[in-house]
Amino acid sequence: MNTNAMLEELKNFDTPSITNVVATYPASPLCLGLYNPWTENWYTDQSIRCMYPELGRRVGYAVTCVYGLPDPDFTRLSFGDVLEALEAAPGPTILVIQQKFPPEIAGKVGLAGGNMVSAMRAIGCVGMLSNGPSRDLDEVREMDFQYMLSGVTPGHGNMAVHAVNVPVSVAGMDVAPGELIHMDENGACKFPADQLEAVLNNVRALQQEESARMKALQAAKSAAELRAIFSGHAYGGDDDS
């Protein structure tokens, strides 16, 4: 399979399944163990949520930027530079915006909206993650573009791009440019792009394994039978849910 076909197939699996093979269960043969699951920041926390669960999953290469208040001593960058970075990256892309605004206004920055998303989508961007809010939910929904945000708010003041394609931290997930991001209504996780084929192979095998186990669990008639099913299945141990 070529890369685009593998990326498309990854959308057949939910984000928790991707986390399971990336790092969640390091003792499992199906887990790649790419990160220490607790000490490394490789998936998002509950501070952001999927705005359009009905639009489904997104997979793409991370392009990153930092936004904050205008700085008169630094005016080199603009949204045009963000668009150029999106265009230069392999597609599809997901834009990861770290918002660095003062606490008193951080919850009121409706950063991206219909105009910005229209431009991003035109050059292959399929979704955006940010640790702050954005706006224009009705317009963006119609574009089949996924938002994962802290929330929504209708306005903003002057703002500026502080950096493009630098390591960022959004909602407990550290992201470097070029990493792959998988996101759905459960949240998002990241992994190195060179692990794409391994992640896909392992999540295929995991889906087959878990489908068989869930079928057995749903057919069980007693706690003893359920215990036997769990004890015979090494993936995740007895506490896996």
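This is a predicted model: local features need pLDDT of at least 70, side-chain atom pairs count only at pLDDT 80 or more; totals for chains, interfaces and linings use all residues.

User: What is phi of Asn165 near?

Analyst: Phi of Asn165 is near 55°, a positive value in a residue other than glycine.

User: Is Asn165 buried, exposed or partly exposed?

Analyst: Asn165 is partly exposed, at a relative accessible area of 34%. It is also one of the residues that Pro177 touches; the others, leaving aside residues up to four places away in sequence, are Ala62, Thr64, Val166 and Pro167.

User: Where is Pro177 found?

Analyst: In the loop between strand S8 (173–175) and strand S9 (180–184). Pro177 counts as partly exposed, with 32% relative accessibility.

User: Which peptide bond is cis?

Analyst: The bond from Gly91 to Pro92 is cis, with omega near -5°. Pro92 belongs to the loop between H3 and S3.

User: Let's zoom out. How many helices and strands does the protein chain have?

Analyst: The chain has 8 helices and 10 strands. Its radius of gyration is 20 Å, close to the 18 Å from the globule rule for 241 residues, so it is as compact as a globular protein of that length. The C-alpha trace spans about 65 × 40 × 35 Å along its principal axes.

User: What share of the contacts is between residues 24 or more positions apart?

Analyst: Among contacts with a separation of 6 or more, 73% join residues 24 or more positions apart.

User: What percentage of the residues is buried?

Analyst: Buried residues are 44% of the 241. The accessible surface of the chain comes to about 11,800 Å², and carbon and sulfur atoms hold 49% of that.

User: Now the inside. Which residues have the most contacts inside the largest nonpolar core?

Analyst: Tyr67, Leu95, Met120, Met128, Phe145 and Tyr147, in a core of 27 residues. The elements giving two or more residues to this core are strand S2 (58–68), helix H3 (79–88), strand S3 (93–100), helix H5 (114–122), strand S4 (125–130) and strand S5 (146–149).

User: Which of them gives the most?

Analyst: H3, with 5 residues.

User: What does Tyr147 touch?

Analyst: Not counting residues up to four places away in sequence, Tyr147 touches Arg49, Cys50, Met51, Tyr52, Ala112, Gly113, Val117, Met128, Ser134, Arg135, Leu137 and Val140. Apart from this core there is another, of 21 residues, which includes Leu7, Ile18, Val21 and Cys189.

User: What about helix H2, how many of its residues are buried?

Analyst: In H2 (residues 15–24), 8 of the 10 residues are buried, so this helix is largely enclosed by the rest of the structure. The buried ones are Thr15, Ser17, Ile18, Thr19, Asn20, Val21, Val22 and Ala23.

User: Where is Trp38, and is it buried or exposed?

Analyst: Trp38 is in the loop between H2 and strand S1 (49–50). Trp38 is exposed, with a relative accessible area of 72%. Its C-alpha is separated by 9.4 Å from that of Ala23, 15 residues away along the chain.

User: Last one: what does Ala220 touch?

Analyst: Ala220 touches Glu225, Leu226 and Ile229, with residues up to four places away in sequence left out. Ala220 lies in the loop between helix H7 (196–219) and helix H8 (223–231), and at 17% relative accessibility counts as buried.

Terms used. Residues are numbered from 1 along each chain as its sequence is written. Side-chain values use heavy atoms; hydrogens and water are left out. Helices (H or I, at least four residues) and strands (E, at least two) are DSSP runs, numbered from the N terminus. The radius of gyration is taken over C-alpha atoms; the globule rule is 2.2 Å times the number of residues to the power 0.38. Buried means under 20% relative accessible area, exposed over 50%, partly exposed in between (1.4 Å probe, protein chains only). Contact means heavy atoms within 4.5 Å. Accessible areas come from the Shrake-Rupley method with a 1.4 Å probe; for residues, only the protein chains shown count as cover. A nonpolar core is a set of buried Ala, Val, Leu, Ile, Met, Phe, Trp, Tyr and Cys residues joined through side-chain atoms within 4.5 Å.
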